[in-house]
Amino acid sequence: MSRRTVALIIKANKLTARVLAQAVRAAARKIRQEQQAHKAPQGKQSVRQLMNHGGGTSGIPVEAPALFDRVARKCGVDYAFYKTNDGKHLLLFREQQKDAVTACFEDYSRLVLKQGRTRRVPVLERLKQARERVRRQPVRERTKERDYEDR
């Protein structure tokens with residue numbers, strides 16, 4: 001363990017415990033911000049942040065980035081999506097995490113294949129089917145019978 005000293009300058013007319021506590025909290029907040037700034041980002045990030053990690057990167061084409069995003073969060077890998085000109089997405093990841101990304105990609109591909117089998121009927125298609133069913137039903141007329149009394 002190492003010991004560190006922190007110099008704290010406070011301008012106050014009257015130094016109370018409350019003012020001192022606020023100053024210490026502000027100093028701790030500043031120290032935490034400095035520590036966070038020096039940490040490398042993890043998980044989903046921009047392509048530039050991924051390239052700044054150092055080391056090589058690899059890429060794999062991905063059909064559904066949102067679905068892979070869900071799976072990758074569980075695996076804890078660093079990755080970024082790059083949108084190509086033809087509207088497809090390229091998944092970029094660090095070379096050191098190739099094994100973890102391979103495991104994530106297996107889960108992702110299983111979900112994509114499962115999604116293709118259990119594909120839901122689109123909402124517009126269901127609305128068309130409902131309209132057809134309503135149109136086929138016989139139309140019932142509703143009439144009100146009124147009793148008129150002699151006045």
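**Strand residues and aromatic pairs**

Y82 lies in strand β2. The model is a predicted one.

User: Is Y82 buried, partly exposed or exposed?

Analyst: The relative accessible area of Y82 is 45%. Buried requires a value under 20% and exposed one over 50%. Y82 therefore falls in between and counts as partly exposed.

User: Which residues does Y82 touch, not counting residues up to four places away in sequence?

Analyst: Residues up to four places away in sequence are left out of this list. What remains for Y82 is V47, K88, H89, L90 and L92.

User: How far apart in space are Y82 and S109, C-alpha to C-alpha?

Analyst: In sequence, Y82 and S109 are 27 residues apart. In space, their C-alpha to C-alpha distance is 19 Å.

User: How many aromatic pairs are there?

Analyst: Rings of Phe, Tyr and Trp pair if their centres lie within 6.5 Å. By this rule the count of aromatic pairs is 6.

User: What kind of aromatic pair do F68 and Y79 form?

Analyst: The ring centres of F68 and Y79 are 5.8 Å apart, and the angle between their planes is 90°. Planes over 60 degrees apart count as edge-to-face. The pair F68 and Y79 is therefore edge-to-face.

User: Why does the pair of F68 and Y79 tie together parts that are apart in sequence, and how many residues apart are they?

Analyst: F68 belongs to helix α3 (residues 65-75), while Y79 belongs to strand β2 (residues 79-83). F68 is buried at a relative accessible area of 0%, and Y79 is buried at 1%.

User: What is the angle between the planes of Y79 and F81?

Analyst: Y79 and F81 form an aromatic pair, with 5.7 Å from centre to centre. F81 counts as buried at 17% relative accessibility. The pair of Y79 and F81 is edge-to-face, and the angle between the planes is 70°.

User: Which residues form one aromatic cluster?

Analyst: F68 pairs with Y79, and Y79 pairs with F81. These residues belong to one aromatic cluster, formed by F68, Y79, F81, F105 and Y108.

User: Which residue has a side chain joined to that of R94 by a polar contact of 2.9 Å?

Analyst: R94 is in strand β3 (residues 89-94) and counts as buried at 18% relative accessibility. R94 touches L50, H53, G56 and D78, not counting residues up to four places away in sequence. Of these, the side chain joined to R94 by the 2.9 Å polar contact is that of D78.

How values were computed:
Residues are numbered from 1 along each chain as its sequence is written. This is a predicted model: local features need pLDDT of at least 70, side-chain atom pairs count only at pLDDT 80 or more; totals for chains, interfaces and linings use all residues. Side-chain values use heavy atoms; hydrogens and water are left out. Rings of Phe, Tyr and Trp (its six-membered ring) pair if their centres lie within 6.5 Å; planes under 30 degrees apart count as stacked, over 60 as edge-to-face and the rest as tilted. Helices (H or I, at least four residues) and strands (E, at least two) are DSSP runs, numbered from the N terminus. Buried means under 20% relative accessible area, exposed over 50%, partly exposed in between (1.4 Å probe, protein chains only). A polar contact is a pair of N or O atoms within 3.5 Å; within protein, one must be able to donate a hydrogen and the other to accept it, and residues adjacent in sequence count only if both atoms are side-chain atoms. Contact means heavy atoms within 4.5 Å.
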